[in-house]
Structure formats: structure tokens, C-alpha cells
Amino acid sequence: MTGGNESCTGGPTSMSYLTCLTYILEEWTGVEDIGDYLSYAFYILWLFFPLVVVFVLPGVIVILFYASILWLHIYKRKNEIKEAYSHDVWIGAREVLATIWDGHGRIWHGYELHGIENIPQGPGLVVFYHGATPLDFIYFTARLHIMKKRCCSVVADHFVFRLPGFRILLDVFGVIHGPKEACVGTLKKGHLLAIAPGGVREALFSDEMYTILWSDRKGFAKVAIDAKVPIIPMFTQNVREGFRTLGGIKILRSLYERIRLPIVPLYGGFPVKLRTFIGEPIPYEPNMTAEELAAKEPVIEIGGIMTKAAVQGLIEKHQKIPGNIFRALMERFQTQKKED
């Protein structure tokens with residue numbers, strides 16, 4: 001064995017590291033021409049590497065979710081006695097998880113939050129465009145918690161509450177399913193509440209054109225009117241380049257409309273640049289109807305454009321359409337910060 005190692009560096013000409021490794025493996029295994037097998041293995045690895053990246057990276061996010069859930073269970077077990085004497089025993093847990101998720105956003109996506117001054121001191125309804133995953137909203141809430149020490153509840157689809165183990169995570173961060181009375185009640189308590197009117201349908205079937213799929217939904221506007229709070233539009237740049245779905249397959253769309261479960265595969269997890277932009281609030285007007293508040297057309301007289309047009313305006317201002325994964329990756333290396 002020693003002689004084999006010496007032959008790698010001995011003589012007038014030294015072998016390359018790969019040749020030396022091949023030589024040593026042949027000595028150990030007794031297999032001749034092992035270099036050919038290694039070359040074939042490297043070729044297979046190179047061939048399937050894109051598929052591994054595309055479909056394995058989403059698993060990292062799932063692992064991070066369950067790591068958060070595990071932390072909450074440990075935290076709850078260690079603070080069971082304090083729970084009886086504290087009005088909110090989860091303050092420390094939220095601080096830790098906000099730091100973890102914000103760190104993930106900073107490192108993996110260079111996450112930025114712009115327009116946080118548009119978040120009111122009191123209650124408000126945040127209305128946002130739904131990407132293939134809600135990862136950008138998680139980064140937003142983490143940064144909001146760190147910067148303003150405020151929480152933002154969110155309305156989620158019913159299937160989220162069926163995910164194994166997620167109940168404690170949803171309870172701690174104020175995720176609700178509705179109905180309207182629960183949403184209004186959250187706002188009347190002085191909290192922030194977020195709604196993506198497009199919901200799962202927009203998440204799965206919108207695409208790199210960033211088409212808003214809200215149909216004729218006006219429930220969010222009725223919530224804002226009943227709670228007498230402003231609406232704050234929000235959009236995250238490159239959100240559909242981080243994760244993509246196979247929603248363009250017609251049979252998957254038909255299947256979703258039949259069973260209403262998110263069976264459309266997604267892929268990605270690419271470290272694209274993510275910037276969340278918060279628009280100017282649309283103030284509450286006592287004489288405004290839900291149809292007017294949810295309308296597409298601009299109404300300058302009431303202090304700003306309406307909700308759907310406001311979100312569309314953020315998309316047109318901050319997103320290059322069609323979205324491009326490579327361009328979104330290159331934006332990580334821009335030295336000049338994008339203007340709000």
C-alpha cells in the first residue's frame with residue numbers, strides 16, 4: 001500500500017489527483033480499469049444533478065418546517081409551568097423561530113423588505129399575491145416580528161390544518177381558516193391579518209406572467225369594511241422563480257377543481273433574489289361597498305387605487321414579466337439596491 005502511494009508522487013512526473021485516486025482504488029479493490037466506472041458514475045451524477053436540485057430543495061423547506069414544529073414542542077414542554085402565569089407563553093418561541101426563518105431568507109434569497117413604514121400602528125388587512133409556496137410571507141412575518149415586534153395572522157386553506165404535526169405551528173402563529181367573523185374579530189383586537197384572495201388556485205395555476213387569479217372574490221373587502229381597517233397591498237418580487245409548479249398540465253387543473261386538494265407537483269427552491277414590497281394603505285371609507293373596494297379600476301379620490309389594481313401595480317412596477325429564473329438568480333449579485 002505504501003508503495004502505491006509513493007508511486008503517485010515518485011518519478012520525474014507526478015500524477016494528477018484523480019489519476020492517483022484511481023490508482024489507489026485499483027490497488028485496494030483489485031478491479032482493473034476502475035477509472036472507466038468512475039467516469040460513468042460522474043456522468044450519471046452530472047446528468048441527474050438538475051433533477052436532484054429541482055426536486056430535493058423543496059424537501060429542505062419541509063425539513064425546516066418540521067424542525068420548527070419540534071422546537072415548539074420542546075419549548076412547550078419546558079414552559080408548561082409558566083403557561084399558567086403568563087398571558088403569552090410563546091413570546092420566546094416566536095423570537096427564536098423568527099430569527100431562524102429570517103436568517104434562512106437572508107442567506108438563501110438575500111431577502112429584503114421594502115415599505116414597512118406603510119404598515120399601520122393599529123390593525124390592518126394585508127392583501128398579497130400568492131406564489132407557489134407561502135415562503136415569502138413567512139419571511140415577511142419573521143422580518144416584521146424582528147423589526148416591529150408585531151405578529152401578522154394569516155388566513156389559510158383548510159388542507160393546511162390537515163398536515164400532520166402542523167397544528168401547534170398554526171396555533172402559535174395565529175393561522176386561521178376563517179370564517180369572516182373570525183377574521184373581523186382578529187382585526188378588531190388590534191392585530192394585523194393577511195389574506196391572499198387567489199389562495200391555492202393562484203398558487204398552483206398562476207405562472208411566470210404573474211396573472212392574478214382572484215375570480216370575483218370580495219370577501220376580503222367585506223372583512224375590511226366590517227372591521228373598519230385599511231387594506232395594505234403586498235407583493236414579493238421573483239416569488240414564482242423561487243418555486244414553480246406544473247399547473248400548466250390541464251388534467252391537473254381539472255383534478256384540482258374536482259377534489260380541491262393541492263395535488264399539483266412543484267419544484268425549485270432556487271436561491272433567487274426575493275424582495276417584498278408593501279404598497280400604500282387603502283384607507284377605510286364608511287360609504288364604500290365591497291365591490292368598489294375590490295374593484296380593478298383606479299379610484300384616486302378615496303386616497304389610492306383599489307386592492308386588485310394596487311397589487312397589480314406593485315407587480316408591474318417591481319417584476320419583470322415574464323419571470324426568468326436565471327435573471328432572478330443574477331439579481332443576487334446586484335450591488336445597487338432596488339428603489340422602492
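Mentor: Where pLDDT is low, the predicted coordinates should not be read in detail. This is a predicted model, in which local features need pLDDT of at least 70 and side-chain atom pairs count only at pLDDT 80 or more, while totals for chains, interfaces and linings use all residues. Residues are numbered from 1 along each chain as its sequence is written, and side-chain values use heavy atoms, with hydrogens and water left out.

For the protein chain, the mean pLDDT is 82, and 76% of the residues reach 70 or more. Residues 1–7 have pLDDT below 50, with five contacts in the model beyond near neighbours in sequence.

Strands (E, at least two residues) and helices (H or I, at least four) are DSSP runs, numbered from the N terminus; the protein chain has nine strands and 15 helices.

Thr236 has a relative accessible area of 1%, and is therefore buried (under 20% relative accessible area, with exposed over 50% and partly exposed in between, using a 1.4 Å probe and protein chains only). Of the 340 residues in the protein chain, 45% are buried.

Apart from neighbours within four places in sequence, Thr236 is in contact with Asp136, Leu274, Arg275 and Thr276.

Methods. Contact means heavy atoms within 4.5 Å. pLDDT is the predictor's confidence in each residue, from 0 to 100.
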